[in-house]
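Subject: Structure handover

Hello,

Please find the structure below. My notes on it follow.

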Amino acid sequence: MKHPVRLMVTLIITLLAVAGLLFYRQQQDNTAQNNTNRENQATQQNAPVKGHVKYNVPLIDQMSSPALYNGCEVTSLAMLLQYYGKDVSKNDLADAIKTVPLTYDDGDHGNPNVGFVGSVSGDTPGLGVYHGPIRKLAKHYIGNVTDISGSNFSAVIRALSSGHPVWTITTATFAKVEDFEEWSTPQGDIKVTYSQHSVVITGYNKAKRLIYINNPYGQKNEAVDWDDFAAAYKQMGQQAIYINQDK
């Protein structure tokens, strides 16, 4: 009969070996995916930018029942995921997105870089969410989620030219706004605006200086001024995500 201590040691060693193998394989998969994303982005950067593109992204109205009065970000993500064949609704995403309070007991506000601030549905007040939590949410439904936040607007145009509609944060006027306010959050002070809005950029026309968007307020391929939209994109922190795969 084997000694019980030896059996326990053998079992622990076996479990550690299996865990190590699984971790190694996951790291290999992640490395391969990252390499693919970098190669695809390099190809996009070297490819000539087309004069105009427009994609047939499904339109979802955030006000359709059950309405999401504050849910432009998850509604826009639902449009993008449905474009790639994912069976997911705006309300599925609203239920799944991480949330933080609009106001904590100590007076601090929630941080949209951490989660959706307040109520998505609008039953109680809410603000919105930024690209980080949206990227994490998207990865639950599809691979090849590419976050180019921090890049200038030309990177958005290159992604569109290469065949990829883009989720982004803009303003309700699709131009710069002057109603920012400073909030104290658990992560530090930030500036926010209740004019925040989110759309899917579905195309552009360089000659006409137009950007086309699916607006979750109910407009499909709405045409907006290129320069105004680019200015709003910059003002809102240059936040953009796309799915780096063929349709």
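Is R135 buried, partly exposed or exposed? R135 counts as partly exposed, because its relative accessibility is 22% (buried means under 20% relative accessible area, exposed over 50%, and partly exposed in between, with a 1.4 Å probe and protein chains only).

Before the rest, two notes on conventions. This is a predicted model, in which local features need pLDDT of at least 70 and side-chain atom pairs count only at pLDDT 80 or more, while totals for chains, interfaces and linings use all residues. Residues are numbered from 1 along each chain as its sequence is written, and side-chain values use heavy atoms, with hydrogens and water left out.

Salt bridges

Searching the whole structure gives 2 salt bridges (a side-chain nitrogen of Lys or Arg within 4 Å of a carboxyl oxygen of Asp or Glu). R135 pairs with D147, and their closest N and O atoms are 2.6 Å apart. This pair links distant parts of the chain, with R135 in helix α4 and D147 in strand β4 (residues 145-147), 12 residues apart. Helices (H or I, at least four residues) and strands (E, at least two) are DSSP runs, numbered from the N terminus. D147 is partly exposed at 24% relative accessibility.

D227 and R209 also form a salt bridge, at 2.8 Å from N to O. D227 lies in helix α6 (residues 226-235) and R209 in the loop between β8 (196-205) and β9, 18 residues apart. D227 is partly exposed at 45% relative accessibility, and R209 is partly exposed at 34%.

Helices

Helix α4 (residues 131-139) also packs against helix α2 (residues 72-83), at an angle of about 35 degrees and with the axes 11 Å apart. The axes are lines fitted to C-alpha atoms, for helices over the stretch in contact, and angles run from 0 to 180 degrees between N-to-C directions. E73, V74 and L77 of α2 meet I134, L137 and A138 of α4 (contact means heavy atoms within 4.5 Å).

Helix α5 (residues 153-161) is mostly covered, with 7 of its 9 residues buried. Among the buried residues are F153, V156, I157 and L160. Just after α5, G163 has a positive phi of about 105 degrees.

Surface

M63, Y69 and Y217 make a nonpolar surface patch of about 330 Å². Patches are made of residues with over 30% relative accessible area and no salt bridge; like charges are joined within 9 Å, and nonpolar side chains (Val, Leu, Ile, Met, Phe, Trp, Tyr) within 5 Å. Accessible areas come from the Shrake-Rupley method with a 1.4 Å probe, and for residues only the protein chains shown count as cover. Y217 sits in the loop between β9 (210-215) and β10 (219-225).

Regards
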